[in-house]
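Please walk me through this structure. Take the chains, the sheets and a few single residues in turn.

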Amino acid sequence: MTPLQIRLVGVAAVLGLVAAPFVFGSFTITLLNYIGIYSLVAIGLALLTGIGGVVSFGQAAFVGIAAYATGALTAQAGYSPWLGLLLAIALTCGVAAILGYVTLRLGGHFLSLSTVAWGLAIAFLFGNIEGLGRYNGLSGIPPISIGSIALVASWQIYYLIWGFVVVVIVLCYNLLDSRLGRAMRALKGGNTLVESLGINAFHIRLLTFVLAAFFAALSGWLYAHLSRFVSPGPFEAHGSIEYLMMAMVGGSGSVLGGVVGAAIITLLKNAVQDYLPLIAKGASGQLEIVAFAALFILFLQRARQGIVPFLAGFLPQPKLAPPQAAAPLPRREQPAPGTPLLKADAVERRFGGLVAVNNVSFDVRSSEILGLIGPNGAGKTTMFNLLTGALRVNSGDIAFAGKSITRDAQCHIARSGIARTFQHVKLRPQMTLLDNVLLGTHSRTSTGLFGGALRLNRAEEASARCEALQQLQRVGLGDKPYELAGNLPLGNQRVLEIARALAADPLLLVLDEPAAGLRRQEKLKLAELLRSLRSDHLTILLVEHDMEFVMSLVDRIVVLDFGSKLCEGEPAAIRSDARVQEAYLGGVA
Amino acid sequence: MTGDIAAILGIDGIATGAVYALVAIGTVLIFNVTRVIFIPFGDIAAFTALTLAALDAKQMPGTIGLVVVLACLACLIEVVSLVRAGEARAIPKAIFFYLVLPLLVVAIVWLTMRIDPPAPVRILLALMLIMPIAPLLDRIVYRPIADGTVLLLLTVSVALHFALRGLGLLFFGPEGVRTEPLTSMAIEIAGIHVSGQTVLIVTAALVFSGLLFLFFDFTLTGKALRATAVNRTGARLMGIRPARAGTIAYLLGSLMAGVSGILIAPVNTIFYDSGFLIGLKAFVGAIVGGLTSYPLAALGTLGVGILESFASFESSAFKDVIVFSLLIPILLWRSFTSQHTEEEVEE
């Protein structure tokens with residue numbers, strides 16, 4: 001499918017939505033209204049859970065905050081629902097920002113458990129606050145008015161609800177295809193990679209969290225003015241798990257999946273309410289929840305992928321043209337060759353009783369390739385992690401480009417010009433080659449949330465895409481930019497990591513075993529690439545086990561053994577050094 | 001608040017905390033062995049109380065239906081998966097463990113109830129009836145995804161809780177129950193009146209945690225369970241089957257939860273859905289120990305019990321809000337004090 005065809009399908013879908021009230025009766029339209037309202041929450045969860053990797057069991061509480069906010073403001077204080085919308089958004093996003101700020105540093109299941117906790121606590125609050133009608137709820141909420149028209153009939157508010165849904169879908173797709181959206185998509189799978197690209201993972205996670213709460217707020221506002229009544233029931237834990245179900249059944253990580261999931265669950269619920277009483281008289285309420293929970297468990301056991309990604313597998317792949325040439329992104333000025341760029345001074349790192357790096361000092365000079373070698377367990381990777389801020393030093397100092405970076409966060413170090421690759425390749429296998437490399441340009445570009453969602457900053461995006469394609473071509477992967485990274489063989493994945501690092505326009509490139517898993521021809525090509533980078537005055541620090549590769553390539557070598565520096569010098573001198581030979585081969589008896 | 005009131009609230013809190021402690025220890029046990037955060041544990045405790053109440057009223061408890069349904073389902077799933085794996089020879093054994101054994105328990109209860117047994121026997125029957133539920137649920141729900149992430153297992157647990165809540169209403173009905181106190185004795189400690197029930201609760205919590213400790217340290221099965229908790233693959237290489245270790249953990253945990261249900265039933269009115277809050281409060285305590293330490297989990301639940309007791313005195317409407325809000329600072333404290341390895345969530 002071409003982008004034009006995709007757009008035509010989208011236009012047809014919107015026309016279908018516009019025509020619906022002329023075709024269907026009011027019962028169907030009411031059902032569609034609820035589907036639209038639930039869709040908004042499910043889309044937020046698709047972003048948060050499917051893309052950001054944060055499983056939230058408390059989303060219904062956010063819907064509740066918004067519904068109660070607008071309910072109290074309009075029903076009790078008599079203000080306009082539009083003012084209620086502002087209050088609902090401000091309050092919900094404010095609460096989300098505070099909760100997110102406090103809890104989003106938690107890892108994995110602990111984070112999800114905290115969502116259970118605040119989800120319950122907020123739901124209990126609604127039922128116990130006198131001013132909010134306790135468990136009786138708030139009634140007499142006015143309908144939304146546009147000008148002098150009150151949206152009372154279900155087809156009237158239908159257009160408002162689905163207008164919101166369509167706008168939210170479009171904005172989400174724009175956002176996901178922008179700089180921040182790529183950072184969001186990179187969140188799932190661990191912080192180390194994200195931070196090494198100069199992206200503050202916590203900020204992106206918080207942004208995603210507040211965005212999901214914002215969609216929940218829109219939903220809560222519409223819900224309050226559609227049903228004209230709010231009570232604590234729909235905002236309890238049970239509601240949250242239903243929203244989670246919608247997002248996951250539709251396809252976690254798919255914006256459209258949110259709508260599809262909301263539709264399926266709502267229709268299924270409707271059907272279950274119709275047919276269960278025929279099977280079991282009098283017990284249908286209980287059976288409904290059992291049936292739903294059982295179906296959800298079965299779904300989680302068998303088809304976690306979700307419906308939309310499953311169906312998308314049958315559609316023809318979208319045919320996208322490679323990025324066009326565009327104005328280049330601004331580049332950093334490389335320091336004069338020979339000046340010290342990175343300085344490690346008496347660096348030490350202990351893990352419990354083990355001293356992994358012990359009092360190691362060395363310099364990396366501009367425009368040189370420095371090799372860090374040593375037998376297994378010598379502390380090379382630990383040293384790398386210390387230099388890039390993935391680990392903290394216990395003592396000693398690390399300075400980069402004249403400034404101490406010893407206490408800097410990983411993403412700040414990355415932003416100041418150190419780009420790295422990993423010994424165990426860290427890519428986002430579900431993203432394309434181009435998107436993986438585009439992640440590298442994050443710290444060189446500046447498009448924000450609104451710029452991304454409204455497609456305001458397309459010139460910068462075009463430049464970044466062009467840059468990413470150039471880097472892919474430079475490492476020899478330019479022919480299939482839209483291939484998924486997970487489909488590459490291991491050797492090419494390593495090379496892709498180098499392209500990503502180059503896209504950051506670094507001062508210092510730090511490579512952890514770049515030649516591991518490469519065939520001989522590929523190694524030769526890699527060595528050639530690294531030499532050409534050196535001739536462009538890029539500085540490179542690399543760890544490598546392949547001695548032939550190292551000796552023929554690097555300018556100087558630092559040898560580590562048992563965490564300490566053994567010696568330092570030019571390849572020929574290192575090769576003939578007796579201490580190095582002993583460390584590698586054992587003592588010559 | 002006077003000193004006397006504080007002392008009474010404190011003792012009350014300790015008793016509540018001891019009940020949660022039993023559930024929390026079971027939660028930690030199951031998490032360690034299977035990595036499942038078994039939220040429905042509170043439901044097991046509540047179901048035990050409801051079962052005992054039905055037995056006391058000389059009625060057949062809903063648990064019987066629940067066990068029969070789950071046993072049939074588990075047996076069916078096990079047989080189908082054995083046939084698919086081409087291990088038809090193991091079918092008789094599977095039928096024995098997943099169908100005959102649970103039905104045997106049901107039959108024993110049914111027969112014993114005809115001779116109108118005394119209270120201690122009824123308690124025993126209630127515990128016997130509740131024990132098969134968690135292992136059967138393990139087979140039906142968790143075994144197919146035993147290697148999934150903790151997060152996936154947690155999502156399944158939350159869904160399972162809702163299923164159990166619905167089943168609870170179906171099998172036990174909406175009425176709340178409060179069973180007869182196990183003892184009417186009372187003692188005075190330093191001028192404070194302490195009911196025999198409180199003493200019994202604390203004693204039972206101590207005895208059962210002590211038994212668990214002995215089981216872990218002095219039996220081979222206990223050591224196998226600990227080995228599985230430390231490293232599943234390693235344990236498997238040593239001939240320990242993680243699935244079997246999981247079943248034992250669920251049985252033991254159910255026993256703990258069942259005892260706590262029996263202890264709390266005379267103090268609080270228990271409904272079909274009371275389990276969720278019991279389970280979650282136990283859970284808040286277990287988090288104090290990072291879901292891995294038994295003594296810290298017990299201490300944490302005592303803290304939760306005392307906090308809840310004082311909170312309900314100050315503002316009963318907000319006591320649950322306070323307890324659950326507390327989980328967030330505890331989680332934060334855990335996350336800052338423990339170095340969790342980050343790459344466990346790789347795609």
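What follows is a tour of a predicted model.

Start with chain B. Chain B holds 14 helices and two strands. Its C-alpha trace spans about 70 × 55 × 40 Å along the principal axes. A compact globule of 347 residues would have a radius of gyration near 20 Å, and chain B agrees, because its own value is 20 Å. Of those 347 residues, 48% count as buried. Now take the contacts in chain B between residues at least 6 apart in sequence. Of these, 75% join residues at least 24 apart.

Next, look at where the two chains meet. Here 39 residues of chain B are in contact with 41 residues of chain A. On the chain B side, helix H7 (150-172) and helix H14 (319-337) are the elements that give two or more residues. H7(B) gives the largest share, 16 residues. By class, this side of chain B has 26 nonpolar, five polar and eight charged residues.

Now turn to the nonpolar core. The largest one has 311 residues. Ile43(A), Ala293(A) and Ala49(B) have the most contacts inside it. Helix H9 of chain A, residues 201-227, supplies the largest share of this core, 18 residues. Ile43(A) shows what such a position looks like. Setting aside residues up to four places away in sequence, Ile43(A) touches Val168(A), Ile169(A), Cys172(A), Phe215(A), Val255(A), Gly258(A) and Val259(A).

Find strand E12 of chain A, residues 539-543. Five of its five residues are buried, so the strand is mostly covered. In a regular strand, side chains alternate between the two faces of the sheet. E12(A) can be read that way: Thr539(A), Leu541(A) and Val543(A) point one way, while Ile540(A) and Leu542(A) point the other way. Residues on both sides are buried.

Which strands pair with E12(A)? One is E7(A), residues 369-373, which runs parallel to E12(A) and is joined to it by four bridges. In this pairing, Gly371(A) has Leu542(A) as its bridge partner. Another is E11(A), residues 508-512, also parallel to E12(A), with five bridges. There, Leu508(A) stands opposite Thr539(A). From E11(A), the chain crosses through helix H20(A), residues 520-535, to E12(A), and this β-α-β crossover is right-handed.

A second sheet in chain A is antiparallel. Four strands form an open sheet in the order E6-E5-E8-E9. Strand E6 (354-365) and strand E9 (403-404) of chain A stand at the edges. Each has a single partner strand, so one side of each is left without a neighbour in the sheet. Inside the order, five bridges join E5(A), residues 340-351, to E8(A), residues 395-400. Lys343(A) stands opposite Ala399(A) in that pairing.

The loops around these strands deserve a look. Asn394(A) sits in the loop between helix H14 (380-387) and E8 of chain A. Is Asn394(A) buried or partly exposed? Asn394(A) counts as partly exposed, because it has 14 C-beta neighbours inside 10 Å. Leaving aside neighbours within four places in sequence, Asn394(A) is in contact with Glu348(A), Arg349(A) and Arg350(A).

Most residues other than glycine have a negative phi. Ser367(A) is not a glycine, yet its phi is positive, about 65°. Ser367(A) lies in the loop between E6 and E7 of chain A. Ser367(A) counts as buried, because 20 C-beta neighbours lie inside 10 Å. Ala401(A) also has a positive phi, about 50°. Its place is in the loop between E8 and E9 of chain A. Ala401(A) has 17 C-beta neighbours inside 10 Å, so it counts as partly exposed.

End with a helical residue. Ala183(A) is found in helix H7 of chain A, residues 179-187. Ala183(A) counts as buried, because it has 24 C-beta neighbours inside 10 Å. Beyond its neighbours within four places in sequence, Ala183(A) is in contact with Val194(A), Ile199(A), Ile204(A) and His442(A). Pro21(A) is 162 residues from Ala183(A) in sequence and 39 Å away in space, C-alpha to C-alpha.

How values were computed. Residues numbered from 1 in each chain as written. Chains lettered and ligands numbered in written order. Predicted model: local features only at pLDDT ≥ 70, side-chain atom pairs only at ≥ 80, totals over all residues. Buried ≥ 20, exposed ≤ 12 C-beta atoms within 10 Å, placed from the backbone. Pairing = 2+ DSSP bridges. Right-handed = clockwise from strand over helix to strand, strands pointing away. Contact = placed C-beta atoms within 7 Å. Nonpolar A, V, L, I, M, F, W, Y, C, P; charged D, E, K, R; others polar. Core = buried A, V, L, I, M, F, W, Y, C linked by C-beta atoms within 7 Å. Rg over C-alpha atoms; globule rule 2.2 N^0.38 Å.
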